[in-house]
Amino acid sequence: MDAVRLIVTSRRALAVSGDVRELLTEVWQAQALAQAVGSRLAVAGPPELRGEALGLTELAGRGCGVLGTPELAPGELRAAHLTELGDPRPVLLHLGGLLGEVGIVLVGLACSAEDESTYWQCMEAIDAADEARDRTRHMLQTLTTREREPS
């Protein structure tokens, strides 16, 4: 499945999630997808994005690690369905939007956390999502600069 379609699917799933467990699972899924996209861009993306893409992979991996791996049935890991990236610009635009939504959800979860452990888990995941989103923005700026440069 192409990256944009997976990202849109993740955004919808995040929007309709109900309880804390479902929300944290969807946040984890989004971070795992960001990690997969970053990995693909680092290996096969435009050369000028590869360093930032590797950073995205590491940051999203940190976001996953902070949250712990949720119990997923076989085939439920969306990132595993990533088959193609296509044009990096729309992928990064959609991924940045998803990571922004992840941050908003995590702020809500942190504010309503019933225990200190969940609160700090959310705070660390907010930091990882925010930094990952910054990476996507920087990669978009790099693409824009490349397009403006005369050939």
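Q: What is the relative accessible area of arginine 62?
A: The model is predicted: local features need pLDDT of at least 70, side-chain atom pairs count only at pLDDT 80 or more, and totals for chains, interfaces and linings use all residues. Residues are numbered from 1 along each chain as its sequence is written, and side-chain values use heavy atoms, with hydrogens and water left out. Arginine 62 falls in the partly exposed class (buried is under 20% relative accessible area, exposed over 50%, partly exposed in between; 1.4 Å probe, protein chains only). Its relative accessible area is 33%.

Q: Which residue forms a salt bridge with arginine 62 at 2.9 Å?
A: A salt bridge is a side-chain nitrogen of Lys or Arg within 4 Å of a carboxyl oxygen of Asp or Glu. For arginine 62, the closest N and O atoms in the pair are 2.9 Å apart, and the partner is aspartate 127.

Q: How many residues apart in sequence are arginine 11 and glutamate 101?
A: These two form a salt bridge with closest N and O atoms 2.6 Å apart. Arginine 11 lies in helix α1 (residues 3-16) and glutamate 101 in helix α4 (residues 88-111), so the pair ties together parts of the chain that are separated in sequence. Helices (H or I, at least four residues) and strands (E, at least two) are DSSP runs, numbered from the N terminus. The separation is 90 residues.

Q: Is glutamate 26 buried or exposed?
A: Glutamate 26 meets arginine 78 in a salt bridge (2.9 Å, N to O). Arginine 78 has a relative accessible area of 13% and is buried. Glutamate 26, at 11% relative accessibility, counts as buried.
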